[in-house]
Amino acid sequence: LPDLDDADLDEVDSLEGEDGRLRWGRTLTYRPGIPCESWGLPALVQRESRPAELLQPSGTLNPGDRYVGDRYVMAVAGTAPEAPVDGSSPWAGMSGAALFCGDLLAGVVVADPAARGHGHLEAVPAYVLHHDPVFRAVLGEHSAIEEREGVVLEPIEFQHLAETSDPAAAIVPGGIGVSPAGLLRARRQIVPFHGRQDVLARLNTWAELPGFGALLLHGVGGQGKTRLAAHLAGRL
């Protein structure tokens, strides 16, 4: 399997039954044992009678593994597969598979690392791909309206705290349409962000301070706190 910072980004016109929204993620802490999984067509499950068999390996990753090399390492659950007699990798064909942590796409599988007894798979993290401005631009062109100011890498460890439902899909009680209140949700960005340059300047100055920092943004409901925070995060 090639050890490259590479990914194939394909455009699909439509997928029936899918909402088309892909959520990207990255680890934010050094908490070990983060559950992860993938799907692929590795050599270890291929047979002449069924040459396109699937495998869904699962396991865990520790954010500190291969940290310097910008890699995620999945420790595959269960017994590691044995190498074929020709010495090739039993994971051949798995390269390019998506690595998911929960609902978030965390990376792309690229390698069966040496000296690990075929019990681990290495992946290029999503944050490496998102460092490429062309990659981000293509994603932005094909993202939903609420994502066009920047596709966000969500924190994997805190994804259970995120609001992921689409408010515009909510049925009005007693009616047949959608609620116009959904248009007020900050993440939908129906109206482009404008103004508040003085506040943004203060927030940018704060964000550039060294070390860890926390800032409390407060105000009455409906004043745009969430939208301001999202806009700042997108700029950063």
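Hi everyone. This structure holds two salt bridges; a salt bridge here is a side-chain nitrogen of Lys or Arg within 4 Å of a carboxyl oxygen of Asp or Glu. Before we visit them, please note that this is a predicted model, where local features need pLDDT of at least 70, side-chain atom pairs count only at pLDDT 80 or more, and totals for chains, interfaces and linings use all residues. Residues are numbered from 1 along each chain as its sequence is written, and side-chain values use heavy atoms, with hydrogens and water left out.

Helices (H or I, at least four residues) and strands (E, at least two) are DSSP runs, numbered from the N terminus. Buried means under 20% relative accessible area, exposed over 50%, and partly exposed in between, using a 1.4 Å probe and protein chains only.

In the other salt bridge, E122 and R66 bring their side chains together at 2.9 Å, N to O. E122 lies in strand 7 (residues 120-125) and R66 in the loop between strand 3 and strand 4 (72-76), so the pair ties together parts that are 56 residues apart in sequence. E122 counts as buried at 6% relative accessibility, while R66 is partly exposed at 31%.

Now, let's look at helix 2. Which residues of helix 2 are buried? In this helix, residues 133-141, they are F135, L139 and G140. They cover an arc of only 135° around the axis, which puts them on the same side of helix 2; the arc is that of the directions from the helix axis to the C-beta atoms. These buried residues pack against strand 1 (24-26) and helix 1 (126-130). On the face turned away from the buried side, helix 2 carries the exposed residues P133, V134 and E141.

Finally, the whole chain: the protein has four helices and eight strands, and 31% of its 236 residues count as buried.

Key: Contact means heavy atoms within 4.5 Å.
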